Amino acid sequence: MNENVSRGLHERASRLMPGGVNSPVRAFRAVGGSPIFFQRASGAHLTSADGDTFLDCVGSWGPAILGHADPAVIAAVQRVAVDGLSFGAPTELEVRFAERIAQLYPAIEMMRAVSSGTEACMSALRVARGFTGRDVIVKFEGCYHGHADALLVKAGSGAATFGVPDSAGVSATAAASTLTLPYNNPDALRTLFAARGKDIAAVIVEPVVGNMGCVPPLPGFLELILELCEAYGAVSILDEVMTGCRLAPGGAQQRFGLHPAMTCLGKVVGGGLPLAVYGGRREIMEKVAPLGPVYQAGTLSGNPVAITAGLATLEQLTPDLYEHLETIGARLEEGLCRGLKDAHIPGTVQRVGSMLTLFFVEGPVRCWSDADRCDRKRFAAWHRGMLERGIYWPPSQFEAAFLSRAHTLDDIDRISQASAEVLRSF
Ligand SMILES: *Cc1c(COP(=O)(O)O)cnc(C)c1O
């Protein structure tokens, strides 16, 4: 592997962009070394600026469920682009897109298209506050909902009273009304609702966490969130930016049979272009301007190119696709586990469908304090070993890997073999 071109680009980039990147995890800080710059991608493969080819397990952090540069999506985007990129006025495409989303997500009776998952979650919170007339937001430690101020909050010590900023530049005031609880802990949730239930505007949750690595919900945990919200007049928000269309066409809510008050979608729904959605119960969404008093807008929201990429992707979410993802996901889980066992390395693989994480800690990982015990140094060394064997894995212990339609069983076995080899070398 020759990284000269990437290194040169990273040097130039670092003069002009913090860390040389436009989103921090890309900078490889968690694994060391310098990031690889890419030139093109096709199916399950990435080609670097250095001319190396990698088998991709990142999938652009989720969107690439069909594989990269899916011919039907690319053709549709090319066709629509010549008719104009953005009108700042409504189009038939947006209607078709909304109708399709409503079919896949019965809980979304009304929606807005926006341009990022961050924007979707931020807007959903504002609407929930506008609808309930309350301020308090509840989130869970280790879940990520984009970088809006109110969501960059870490768990306070002891009982949840005030949220504390988890980033410089977030004011104490913006963080104060966000309370953070441990994931998968029904008692903490019940206790909080008993104490403050009538102040809570919304509970936002990743139905399967991807952002502390893959952590599935314990049976009944999500149901309890929905139940308590209902009982106390708070708005339940399933943040399905990662899981939406990934775990099933109708997301985790289809997979688990849930009917949340609000839902956020992103990543897969945009087919690789900037597009996300928030929506939910009609009476809640009727609070959004111009129908109601909650303001939310976007110059490029629902632009024809992004909507077309989304539609062309949604059209291909067939039962066969999810069957394939389950098959290759299970096979990779098995392969990675076998590698750990044969090398006597403590670790666990957690997976739901086509999202999975190899944690370098004995399982199960049920919440952030479990994940936090991972051996980050070992992960960094493993990541480097995978890279040297042509496997591009997410450059952080606390991210999920994503598989796509384009991954073959042979690809999966190559990943497992590479991992076994790296683990044996430790
Ligand atoms: C990626 C992600 C977001 C943020 O989406 P962006 O498009 O990166 O702003 C929000 N929530 C979840 C669960 C995500 O995985």
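## One bridge between two domains

Across the interface of domain 1 and domain 2, the rule finds one salt bridge, where a salt bridge is a side-chain nitrogen of Lys or Arg within 4 Å of a carboxyl oxygen of Asp or Glu. Glu326 forms a salt bridge with Arg255, and their closest N and O atoms are 3.6 Å apart.

This is a predicted model, in which local features need pLDDT of at least 70, side-chain atom pairs count only at pLDDT 80 or more, and totals for chains, interfaces and linings use all residues. Residues are numbered from 1 along each chain as its sequence is written, and side-chain values use heavy atoms, with hydrogens and water left out.

## How the chain is divided

Let's step back to the domains themselves. Domain 1 covers 4–69 + 318–424 and domain 2 covers 71–314, with bounds from an automatic or database domain assignment. Their centres, taken over C-alpha atoms, lie 25 Å apart.

In domain 1, 30 residues are in contact with 29 residues of domain 2 (contact means heavy atoms within 4.5 Å). The two domains bury about 2,200 Å² between them, 66% of it on carbon and sulfur atoms; buried area is the accessible area (1.4 Å probe) that two parts lose on being put together, summed over both. Which three residues supply more than any other three of the area that domain 1 buries against domain 2? They are Tyr322, Val352 and Met355, with 26% of that area.
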